[in-house]
Amino acid sequence: MHENSIEFEVVGDYALFSDPITRVGGEKFSYQIPTYESIKGVTSSIYWKPTFIWVIDKVRVMNIIQTETRGTRPIRINGGNDLSYYTYLKNVRYQVKAHFIWNENRPELECDRNENKHHNIARRMMERGGRRDIFLGTRECQAYVTPCVYGEGKGAYDDVPELSFGMMLHGITYPDEAYSEETRNMLTVRLWNPVMRHGEVEFCRQTNFSLPMERVLGEVYGSCIQKPVRPMEMKSFGREQNNFSGLDEFEGGGMNVMD
């Protein structure tokens, strides 16, 4: 149990965690359970800053896994519309437990590493439904978040000892969140073989929050197959690019970044 953990429930009429293989032909088919990256996106929509990285600990599947295929008219890249069939998950509900760690790739934001501040903001934003719109996989699958006590309530798969889902996309590692020399300045894809036990998918097993970042994230992704895709530079938040740095707005205003 991490001191900066948050627990919330996310519900939606539909979800589409696309299997990349099915996107080649333009007709998307959803995985049966959410990917790590999709739940991380939900958590980032609740509250995010480049100072820290969200780590998804567990996801609990509360409703029965069911799908619905619908005809759609997606927009073509070169203009016009196309005809496709998308297979969505229907009537989804998940309980999520997550915590954050400091982003060691952002030493310029070290003065913003106030754990109590960020944790309290995240909890307040969770109670308000998040800072940004919540989606489950794709834009058309709008969802809603509310605080919960993880583990409470009856789940549809609580009595199922084990379900395996085969090879799945785990997520994408961007240079901003590199956790080893191999992932620095690289776009890296992670694959894994998830197993749901009694309705719960556990993404990571580290227990010591004080571990160095490289070791913590190494344990998070230790069971993943990692594939470098292409070189990529880390996004800069420096003043010379006139981007938000997390510091500029406090200059000259008599405020401290820790307030």
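Student: Is Arg 190 buried or exposed?

Tutor: In this predicted model, burial is read from relative accessible area, and a residue under 20% counts as buried. Arg 190 has a relative accessible area of 1%, so the residue is buried.

Student: Which side chain meets that of Arg 190 in a salt bridge?

Tutor: The partner is Glu 37, with a distance of 3.6 Å from N to O. This pair links distant parts of the chain: Glu 37 belongs to helix α1 and Arg 190 to strand β9, 153 residues apart. Glu 37 has 23% relative accessibility and therefore counts as partly exposed.

Student: In what order do the strands of the open sheet run?

Tutor: The sheet is formed by 3 strands in the order β8-β9-β12, with antiparallel pairing. Strands β8 (168-173) and β12 (225-231) stand at the edges; each has a single partner strand, so one side of each is left without a neighbour in the sheet. From one strand to the next, the twist averages 25°. Helix α1 packs on this sheet, touching β8 and β9, and its direction makes about 50° with that of β8.

Student: How many bridges join β9 and β12?

Tutor: Strand β9 (residues 186-192) pairs with β12 over 6 bridges, in the antiparallel sense. Arg 190 takes part here too: its bridge partner in β12 is Gln 226.

Student: How many salt bridges are counted, and which residues form a network?

Tutor: The count comes to 15 salt bridges. Lys 49, Asp 112 and Lys 117 are linked in a network. Another salt bridge joins the side chains of Glu 7 and Lys 97, at 3.8 Å from N to O. Glu 7 lies in strand β1 (residues 6-15) and Lys 97 in strand β4 (residues 84-102), 90 residues apart. Both of these residues are buried.

Student: What does the salt bridge between Lys 58 and Glu 200 tie together?

Tutor: The two side chains meet at 4.0 Å, N to O. Lys 58 is in strand β2 (residues 52-61) and Glu 200 in strand β11 (residues 200-202), so the pair ties together parts that are 142 residues apart in sequence. Lys 58 has a relative accessible area of 23% and is partly exposed; Glu 200, at 23%, is partly exposed as well.

Student: What describes the protein chain as a whole?

Tutor: The chain has 3 helices and 12 strands. Of its 259 residues, 48% count as buried. Among contacts between residues at least 6 apart in sequence, 73% join residues at least 24 apart.

Student: Where is the pLDDT below 50?

Tutor: Where pLDDT is low, the predicted coordinates should not be read in detail. The chain averages a pLDDT of 83, and 83% of the residues score at least 70. Over residues 205-216, however, the pLDDT is below 50; this stretch has 29 contacts in the model beyond near neighbours in sequence. Residues 239-259 also stay under 50.

Terms used. Residues are numbered from 1 along each chain as its sequence is written. This is a predicted model: local features need pLDDT of at least 70, side-chain atom pairs count only at pLDDT 80 or more; totals for chains, interfaces and linings use all residues. Side-chain values use heavy atoms; hydrogens and water are left out. Two strands pair if DSSP finds at least two bridges between them. Helices (H or I, at least four residues) and strands (E, at least two) are DSSP runs, numbered from the N terminus. Axes are lines fitted to C-alpha atoms, for helices over the stretch in contact, and angles run from 0 to 180 degrees between N-to-C directions. Contact means heavy atoms within 4.5 Å. Buried means under 20% relative accessible area, exposed over 50%, partly exposed in between (1.4 Å probe, protein chains only). pLDDT is the predictor's confidence in each residue, from 0 to 100.
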